Amino acid sequence: PVLDTEDAWVSVEGPVSIVELALEQKRIHYPLVEHQFVLCTVLYAIMRFSLKSVKPLSLFDSKGKNAFFKDLTSIQLLPSGDMDPNVLSIRQQFLLKVVSAAVQTLCSPQKDKEVSEEELFPFEKGKNWPTLAADLAQYLQISEDLVKRHYVCELYSYGMDHLGEE
């Protein structure tokens, strides 16, 4: 972008302005940032629901794993449309575990717990994990309908029929 400056500002001495510093920065490769976001969301879900035996990097193929360790300004080869069926199966199992854990947390009685969920995770107010799992399914190339159907089945199995109908 072209920045027009007034003549009075041209003769000013001092440190470089923040706008000029920002314009000098290399542009990031946005798909690589999205790829990092998916990993962060996966790690947070594993931590949030204490999911055992989930290896986060197993949800990504070799190109995806290599992309995590590159500079965000570099153009990297990201996973293409053709995925290994084993990786897709692991991804699907992970998303279904997240949905199951979210429904179980939703339906578990709060009275037994010494510390409430809001106190442990105050920044999570209004976060809908099943919806987040369905959104994550797009990035992980898993059918959203499969995740949503599992969510409804979980709601019915925990006796939350009114939510399942919605």
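Modeller: Let's start with Glu144, which has 23% relative accessibility and so counts as partly exposed (buried is under 20% relative accessible area, exposed is over 50%, and partly exposed is in between, with a 1.4 Å probe and protein chains only). Bear in mind that this is a predicted model, where local features need pLDDT of at least 70, side-chain atom pairs count only at pLDDT 80 or more, and totals for chains, interfaces and linings use all residues. Residues are numbered from 1 along each chain as its sequence is written, and side-chain values use heavy atoms, with hydrogens and water left out.

The partner of Glu144 is Lys148: their side chains form a salt bridge, at 3.9 Å from N to O (a side-chain nitrogen of Lys or Arg within 4 Å of a carboxyl oxygen of Asp or Glu). By that rule, the count of salt bridges comes to one. Lys148 has 44% relative accessibility, so Lys148 is partly exposed too. Both residues sit in helix α8 (residues 144-157), and because they are four residues apart there, about one helical turn separates them (helices are DSSP runs of H or I with at least four residues, strands are E runs of at least two, and both are numbered from the N terminus).

Now look at what else meets Glu144. Ala137, which belongs to helix α7 (residues 129-139), touches Glu144, along with Leu95, Ile142, Ser143 and Val147, if you leave out residues up to four places away in sequence (touching, or contact, is heavy atoms within 4.5 Å). With a relative accessible area of 0%, Ala137 is buried. Val147 is ten residues along the chain from Ala137, yet the C-alpha atoms of the two are 7.6 Å apart.

Helix α5 (residues 85-107) packs with helix α3 (residues 30-48) at an angle of about 45 degrees, and their axes lie 10 Å apart (axes are lines fitted to C-alpha atoms, over the stretch in contact for helices, with angles from 0 to 180 degrees between N-to-C directions). That makes α3 and α5 oblique to each other (under 35 degrees is roughly parallel, over 145 roughly antiparallel, 65 to 115 roughly perpendicular, and the rest oblique). On the α3 side, Val42, Ala45, Ile46 and Arg48 make the contact, while α5 brings Phe94, Val98 and Thr105.

Ser50 lies in the loop between α3 and α4 (62-67), and its phi is near 50 degrees, a positive value in a residue other than glycine. At 46% relative accessibility, Ser50 is partly exposed. Ser53 is in the loop between α3 and α4 as well, with a positive phi of about 55 degrees although Ser53 is not a glycine. Ser53 has 70% relative accessibility and therefore counts as exposed.

Finally, zoom out. The protein has nine helices and zero strands, which reads along the sequence as α-α-α-α-α-α-α-α-α. Of its 166 residues, 30% are buried, Ala137 being one of them. If you take the contacts between residues at least 6 apart in sequence, 72% join residues at least 24 apart.
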